[in-house]
Amino acid sequence: MGRDGATTEHLADGMEQAEGQDAGSPGRPRRRSFLAVTAAGAMAAGCRSLTARAPGTESTPSSPTADGERTRAGDPDWRIRSRGTPEAVQGYTDKVSVEPGERFGLYVSTTAPGFRVSAYRVGWYGGHQARLVWRSDRVAGSVQARPRLLGATRTVRADWNRTLGVRADGWPEGAYLLRLDADNGHQRYVPLIVRSTSGAGRTVLMHAAATWQAYNAWGGYSLYHGEDGAYATRSLAVSFDRPYDADGAEKFMVYERAAVVLAERLGIPLAYTTGMDVHREPGVLHGAAAVLALGHDEYWTPQQREHVTRARDSGSNLAFLGANTCFRRIRLERGPTGEARTVVCYKSDYRKDPYFADHPDLPTHDFRDPPGADPESSLTGVLYEGYPVDAPYAVHAADHWVFEGTGVRRGDSFDHLVGVEYDRVTPEKPTPPRLEVIAHSPLVWNGKASHADSAYYTVPSGSGVFATGTMRWVEALMAGTRDNGRNHGMDARTGRFVTRSTENLLRAFAAGPAGRTKPQPRDNVAELYPSSAH
């Protein structure tokens, strides 16, 4: 038994293979939280260090819900101290998400003789920002096989033997970092979402696992480039049956973690899921107070989009805390370890997709492009325009309730907050009526003068929909704090502004349909874009 009731099965030192697998068979498997508490306050919050439970001992499992997590003691030692070489330690799970108590497999390769797994749940925790929920016993390590490259789609798969199985008994719903701690002192993360089965009355955090995988270049290939760095040799489909590159959870760490920490600090009722789960099990959105797409959520299936749109039209508020959201249309296919383990996106080569011949209205390319053109702006209110850019964020509607308490005036700006991708209102594309632009930020992209826009609209169900129009919004929650590593020069003033604005947004959206409780949007699109039809 592992800590807090989590069952651990591992394959080491002659132990029997878990769940009936033969010991020799494979499992078949680019583009940061906010203002922290003072150091003294963080120390006062205290910490709790858990160690591996001896086999056979028991513990009382914690509640499988997030209730009460906000006030629990955290563990400051959750960060990676040494990554080492990519081969030092790395791993992946056979499920992107699990329900509390569900079993999942972990596949690990390491040059060290052994390692442990520590499961950290991300949250507020008095400013420590994570809590150690479970730690494994020591597991014997081994170097696993080199990755496979599937020629037709240039898909990289690890196809490693399963190293251990874990049952998430007593793990509260939430976003987790499984940290692999190797005997050689090196560490890597493996992200895992312990998902909610119901989001009724709660704010649903929708993690962008498909986008994590699209940018993952482990094994030399991603949906952007091949081993030689060229677009022409990119993968046409990418697999979850391989580790993530870099620290193992880079996209989550940069574009999502700070939003999770802030939402948990506020104490609003939360639910956790992924876009892939919304694709398959939309029930988690039924009755949700709000649905949040986080800092970079680019790759969506048509089903995910349909289900999120339906939630909006049923009274759930929507917030898009990044840019470039819902830009690519994808298809999910099974892999060696189960359903929905492959993200398919042929992009400009969509005609080469065998599926396309019988489904010409479902090309795996940009939603806005024909055939099957369906620009994302009809949902988000804004349209992705360009990359890369670095520009100040300029406040337009300073009296908007999102900016309440920030002290801003029209024209106030925040350096570097617009980037590295941005969206703007594009009236010539499908755009919701009564759309209010609350930030209108001048910039130059690709030699052309343009703007990035933050926008807000409502629909007859009462739902409010807000889009930041910049990919740096969630990163800015960390500006001026100890986690300032990738903040592009954004300062503490920017961090305070974005933090307060996000608090206003989340509290209002958690209270129910914002269109019924907050002022109606003032349609100012024609004022800002007079030459475009609306």
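Is Ala 373 buried, exposed or partly exposed? The legends below refer to a predicted model.

View 1. Ala 373 is partly exposed, because its relative accessible area of 47% falls between the limits of 20% for buried and 50% for exposed. Beyond its neighbours within four places in sequence, Ala 373 is in contact with Phe 367 and Arg 368. Pro 363 is 10 residues away along the chain, and its C-alpha atom is separated from that of Ala 373 by 9.5 Å.

**View 2. The largest nonpolar core, of 82 residues.** Tyr 299, Tyr 393, Leu 417, Phe 497 and Phe 509 have the most contacts inside this core. Helix H4 (residues 257–266) supplies the largest share of the core, seven residues. Another core, of 29 residues, lies apart from this one and includes Leu 285, Ala 455, Val 465 and Tyr 529.

**View 3. Contacts of Phe 509.** With neighbours within four places in sequence left aside, the residues in contact with Phe 509 include Ala 289, Ala 290, Trp 401, Tyr 456, Phe 466 and Ala 514. Asn 317, Leu 318 and Ala 319 are also in contact with Phe 509, as are Gly 464 and Val 465.

**View 4. Crossing of helices H4 and H9.** The axes of H4 and H9 (residues 492–510) come within 11 Å and cross at roughly 60 degrees. H4 is therefore oblique to H9. The crossing is right-handed. Leu 262, Ala 263, Arg 265 and Leu 266 in H4 meet Thr 499, Thr 502, Glu 503, Leu 506 and Arg 507 in H9. Of the residues in this contact, four are nonpolar, two polar and three charged.

Key: Residues are numbered from 1 along each chain as its sequence is written. This is a predicted model: local features need pLDDT of at least 70, side-chain atom pairs count only at pLDDT 80 or more; totals for chains, interfaces and linings use all residues. Side-chain values use heavy atoms; hydrogens and water are left out. A nonpolar core is a set of buried Ala, Val, Leu, Ile, Met, Phe, Trp, Tyr and Cys residues joined through side-chain atoms within 4.5 Å. Buried means under 20% relative accessible area, exposed over 50%, partly exposed in between (1.4 Å probe, protein chains only). Helices (H or I, at least four residues) and strands (E, at least two) are DSSP runs, numbered from the N terminus. Contact means heavy atoms within 4.5 Å. Axes are lines fitted to C-alpha atoms, for helices over the stretch in contact, and angles run from 0 to 180 degrees between N-to-C directions. Angles under 35 degrees count as roughly parallel, over 145 as roughly antiparallel, 65 to 115 as roughly perpendicular and the rest as oblique. A crossing is left-handed if the near helix is turned anticlockwise from the far one by less than a right angle, and right-handed if clockwise. Ala, Val, Leu, Ile, Met, Phe, Trp, Tyr, Cys and Pro count as nonpolar, Asp, Glu, Lys and Arg as charged, and the others, Gly among them, as polar.
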